[in-house]
Amino acid sequence: MGDLLPGDDGLPAEEVGVWAKEKHDLLCRYVDISKSTRAKYLPPNKGGAALIDLFCGPGRCKVRETGEFIDGGVVAAWKKSTQFDRPFTKIIIGDADPARLDAAVERLEKLNAPVVPLLGPALDTSFKALQRSPPHGLNFAFLDPYNLENLDFQIIKTLARLKRIDMMMHVSTQDLQRNLDKHLTATDSAFDAFAPGWREALKIDQSQRRTREDLLQYWKELVAQTTVTTSDDVRLIKGSKNQRLYWLLLAAKNELAHKFWSAISKSGGQQAFAF
């Protein structure tokens, strides 16, 4: 998490790489492609529809390579949901940094978004998000942490208790590649949070590539035990120097959600977990 800088609207913003535009585009495309399904849960029908972002940031970003300002993920997703009169009925956001959370709240409130702010690490706020989500509605979580450790499996397990939940997730391949040896040998490993039980499930006396593949397969099996399944289609996001940064994928209970994700993720070339 870097330092905040002045935004073009007078509120704090954060610096991001140009690849954030691709990530936000996929997020907004999912919000758009699922709009007809979301409409079935909007008043006066039933349930409601919530967007959950527990790593929300300040809601505004400056692209490092170009200097342009763009909306943060949660702001972009809210705007997209309002374009065709299919708005989320709750925007549940969280961040461990009060300055980032306050900035996101102010930006969303200026857009008349129904904001529910939660201050604290995502591991702590996930249960509060569960409590505040519409139990009989349609819920969509955007989980966009900086590293594998912060994508704590307990967050997924908690949100999976919702009856209807789709989760678009950022899984850091850069962290997995650069820091594999560190995570494998540390007493307090990031893998303990990301994929609890990995020490008993994995063989580490093999190639690094095979170890990475086995870890991700084990993680997918863990996620499936929560009643959501991860998508076969995975979008690899690369940096400005073509370096591998992270995968975006979907976990959901409903097959239609996977069809939606497949349709938009393949637009840039189908990817799968691979090294």
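Student: How many salt bridges does the count come to?

Tutor: This is a predicted model, in which local features need pLDDT of at least 70 and side-chain atom pairs count only at pLDDT 80 or more, while totals for chains, interfaces and linings use all residues. Residues are numbered from 1 along each chain as its sequence is written, and side-chain values use heavy atoms, with hydrogens and water left out. A salt bridge is a side-chain nitrogen of Lys or Arg within 4 Å of a carboxyl oxygen of Asp or Glu. By this rule, the salt bridges come to a count of 15.

Student: Which residue forms a salt bridge with Arg60, and which strands hold the pair?

Tutor: Helices (H or I, at least four residues) and strands (E, at least two) are DSSP runs numbered from the N terminus. Arg60 lies in strand E4 (residues 60-63) and its partner in strand E5 (residues 69-71), so the pair ties together parts that are 11 residues apart in sequence. The closest N and O atoms are 2.8 Å apart, and the partner of Arg60 is Asp71.

Student: Is Arg60 buried or exposed?

Tutor: Here buried means under 20% relative accessible area, exposed means over 50%, and partly exposed lies in between (1.4 Å probe, protein chains only). The relative accessibility of Arg60 is 14%, so Arg60 counts as buried.

Student: Which residues are linked with Asp71 in a network of salt bridges?

Tutor: Besides its pairing with Arg60, Asp71 meets the side chain of Lys79 in a salt bridge of 2.8 Å, N to O. Lys79 is partly exposed, with a relative accessible area of 35%. The residues linked with Asp71 in the network are Asp8, Arg60 and Lys79.

Student: What is the order of the strands in the open sheet of four strands?

Tutor: Two strands pair if DSSP finds at least two bridges between them. Strand E1 (4-6) and E5 stand at the edges with a single partner strand each, so one side of each is left without a neighbour in the sheet. The pairing is mixed, and the order is E1-E2-E4-E5.

Student: What angle does the direction of H1 make with that of E5?

Tutor: Axes are lines fitted to C-alpha atoms, for helices over the stretch in contact, and angles run from 0 to 180 degrees between N-to-C directions. With contact meaning heavy atoms within 4.5 Å, H1 packs on the sheet and touches E2, E4 and E5. The direction of H1 makes with that of E5 an angle of about 25°.

Student: How many bridges join E9 to E12?

Tutor: Strand E12 is mostly covered, since eight of its nine residues are buried. E11 and E12 run antiparallel and are joined by four bridges, whereas E10 and E12 pair in the antiparallel sense over two bridges. E9 and E12 also run antiparallel, with Ser172 having Tyr246 as its bridge partner in E12, and the number of bridges that join E9 to E12 is seven.

Student: Which residue in the turn between E11 and E12 has a positive phi?

Tutor: E11 and E12 form a hairpin with five residues between them. Within this pairing, Ile237 stands opposite Tyr246 in E12. The positive phi, of about 70°, belongs to a residue in the turn, Asn242.

Student: Which strands do the buried residues of H12 pack against?

Tutor: Helix H12 covers residues 255-265, and its buried residues include Phe260, Trp261 and Ile264. The buried residues of H12 pack against helices H1 (20-33) and H2 (35-39), and they also pack against strands E9, E10, E11 and E12.

Student: How many disulfides does a search of the whole structure find?

Tutor: A disulfide is a covalent bond between the sulfur atoms of two cysteines, and the cut-off used here is a pair of cysteine sulfur atoms within 2.5 Å. The search finds none in the whole structure, and for Cys56 the nearest cysteine sulfur, that of Cys61, is 11 Å away. Cys56 is buried at a relative accessible area of 6%, and Cys61 is buried at 5%. The number of disulfides found is zero.
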